[in-house]
Amino acid sequence: MSLETTHPQEVKQILSKYPPEHKRSAVMPLLYLAQHEAGYINRDAMQDIAQLLGITETEVASIVGFYTLYHDKQEGKYRMQVCTDLPCALRGADEFLENLCGRLGIRIGETTPDGLVTLESVMCLAACDKAPMFQVQGPSGIQYHENMTVDRTMEVIAALKRAGREVK
Amino acid sequence: MSHVLLRHRDLPQINQLQVYRNNGGFEAFRKAVTGMKPNEVTEVVKNSGLRGRGGAGFPTGMKWAFIDNKNWPHYVVANADESEPGTFKDREIMEGNPFQFLEGVAIACYAVAADTAYVYLRGEFWDLAGFLDQKIAEMEAAGYLGDKLFGTNYSLRIFTHLGAGAYICGEETALLESLEGKRGQPRVRPPFPPAYGLYGKPTIVNNVETLTNVPPILINGADWYKSLGTPDSAGVKVFSLSGRVRRPGNYELPFGTTFRELIYGEKNGAGVQDARKVKAIMPAGASSSLILVNGDDKVLDTPMDYASVRTLGADLGSASVIVLDDTVDIGWVIEKTIHFFKHESCGKCTPCREGNYWMLQLMERVRSSGSQADVDLLAGVARQMQGKCLCALGEFATMAVVTGIERFPQDFTKAARV
């Protein structure tokens, strides 16, 4: 079903930000909207957005492929993205991620058996003074978790699990 | 001294409209719109010596004066894509002192006669974008944004726009492509954005910190601003300090403060972790040349301004100071930076796209079973990438590699022996 049918208000609000003759600018916010529910963007959604904006599906797909926060495959409900760039690594981010992998029993890029969390190693998140840190990308957007330990991360995961149950 | 930019450190409630207004907020914008011509505003900013805080250090007033007045409409875009490893200042400014930033955007708009501005935030600043939307709505409700401001004919709207995870979108023409709904790949320049920017219209792109400087400059005057800092680098700067220091964080200091004061000052970095020695400094994040320190007092006593840092064979850039102590292997550092740039290369220019790939492979080989010949080859690949790409990313990717091999050769012979 089209975003225009499922989220008419949001689509209207997004389009109102840009000049009508340049509505292609809305492609990124619309992709976030499409990704919101399922956690990834499928072919149908790309087709829908292409039609809404008068561009080709290939053009939409090229945006999805170019930017790292868009996903075209289903993974865990939440993506836990640990920054391991230089400044974070100087403050123990690599060891943190390794220990977290050990605790969760998964490797980087894998998902916990319950399908809740996919663990990823990502580039700088502009929180270099608060490492180790990660962001959680999920249905309610993106949240930062800073100055983390493995124990506190396990608490974050437990909270995500509880939140998931409440939604059901 | 109280803060000019990080004012929330002195007044924690300044992110509330009422508190901001009670402390002189929006007076600069009112003064501009009701009492100054746009080019007079530009003139004050020009005279203040304010230079772009995103890394290039280009004079802000001069950029504004380049706006093409024969082509309309005009746009202002605030670059809030903050993605350089080691940089985390714009986020704190927008979270702590959002109205001063937004007032700076508004004044820039008035100065170049733009009636629409976009704040382009990196996608990870999801919550921050929502926060700014709320602040923009409060400004609209209070009559600081919208139609016929302060009883004049001037109207202005500001919108936020989220990127989606791409370092390259911090480059201004890639940012504009992204804002137009395309892949974030840099344009061929010239023409520059003040002539051909968003939707092909004259556009001023300024960094968040740059714009946040504008309201106090308009209120206190160009001479006041020049009295802070050094002749070549006027004003204050937010230094993002990270790496092996005891107190990492943002520190607002006048240009010309020494590395020693930033790293060792009790109110600043408070010294190196475990009381180790500083081995190297990267003054501009992952894009930096590596400054050799190794206990050299002359280096630590160098003032941090654009010209002085250049005498050390590096650029101050965005002043994202990463401190490396004497336990850090420079080969490891370079592997990290190459990994970053390989991931973030947009793929448009072959030397950057392929060169980063080669550099990473070579570096991995040097660190496992490599030889001096591989170290030389790595340096050669890096040098051949220089000056051959459309934007600075291709250049940045080579800085740590070339200077690391040149200034810390022992770390590479050691790596080669492993």
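A nonpolar core is a set of buried Ala, Val, Leu, Ile, Met, Phe, Trp, Tyr and Cys residues joined through C-beta atoms within 7 Å. A residue counts as buried if 20 or more other C-beta atoms lie within 10 Å of its own, as exposed if there are 12 or fewer, and as partly exposed in between, with C-beta atoms placed from the backbone.

The model described here is predicted: local features need pLDDT of at least 70 and side-chain atom pairs count only at pLDDT 80 or more, whereas totals for chains, interfaces and linings use all residues. Residues are numbered from 1 along each chain as its sequence is written, and chains are lettered from A and ligands numbered from 1 in the order in which they are written.

**The nonpolar core**

The largest nonpolar core has 177 residues, and those that touch the most other members are B:Val77, B:Val105, B:Ile107 and B:Ala108. Helix α6 of chain B (residues 98-111) provides the largest share of this core, 10 residues. Helices (H or I, at least four residues) and strands (E, at least two) are DSSP runs, numbered from the N terminus. Apart from its neighbours within four places in sequence, B:Ile107 is in contact with B:Ala28, B:Phe29, B:Ala32, B:Val41, B:Val214, B:Pro215 and B:Leu218. Contact between two residues requires that their C-beta atoms, placed from the backbone, lie within 7 Å.

B:Ala56 is found between α3 (38-48) and α4 (60-65), and it counts as partly exposed because it has 15 C-beta neighbours inside 10 Å. Its C-alpha atom is separated by 23 Å from that of B:Pro98, the two residues being 42 residues apart along the chain.

**The sheets**

Two strands pair if DSSP finds at least two bridges between them.

| β2-β1-β3-β4 (chain A), four strands | β2 (117-122) and β4 (141-145) of chain A |

Within β2(A), A:Thr118 is the bridge partner of A:Arg79, and A:Val117 is that of A:Tyr78. Five of the six residues of β2(A) are buried, so this strand is largely enclosed by the rest of the structure. In a regular strand the side chains alternate between the two faces of the sheet.

In the sheet of chain B, β5 (residues 236-243) and β9 (residues 320-325) pair in the parallel sense over four bridges. B:Ser242 stands opposite B:Ile322 in β9(B).

**Domains and chain contacts**

Chain A is divided into domain 1 (3-66) and domain 2 (78-167), with bounds that come from an automatic or database domain assignment. The centres of these two domains of chain A, taken over C-alpha atoms, are separated by 28 Å.

Between the chains, 37 residues of chain B are in contact with 32 residues of chain A. On the side of chain B that touches chain A, α7 (126-141), β3 (157-162), β5 and α14 (330-344) of chain B each supply at least two residues. The most comes from α14(B), with six residues. By class, this side of chain B has 15 nonpolar, 13 polar and nine charged residues. Here Ala, Val, Leu, Ile, Met, Phe, Trp, Tyr, Cys and Pro count as nonpolar, Asp, Glu, Lys and Arg as charged, and the others, Gly among them, as polar.
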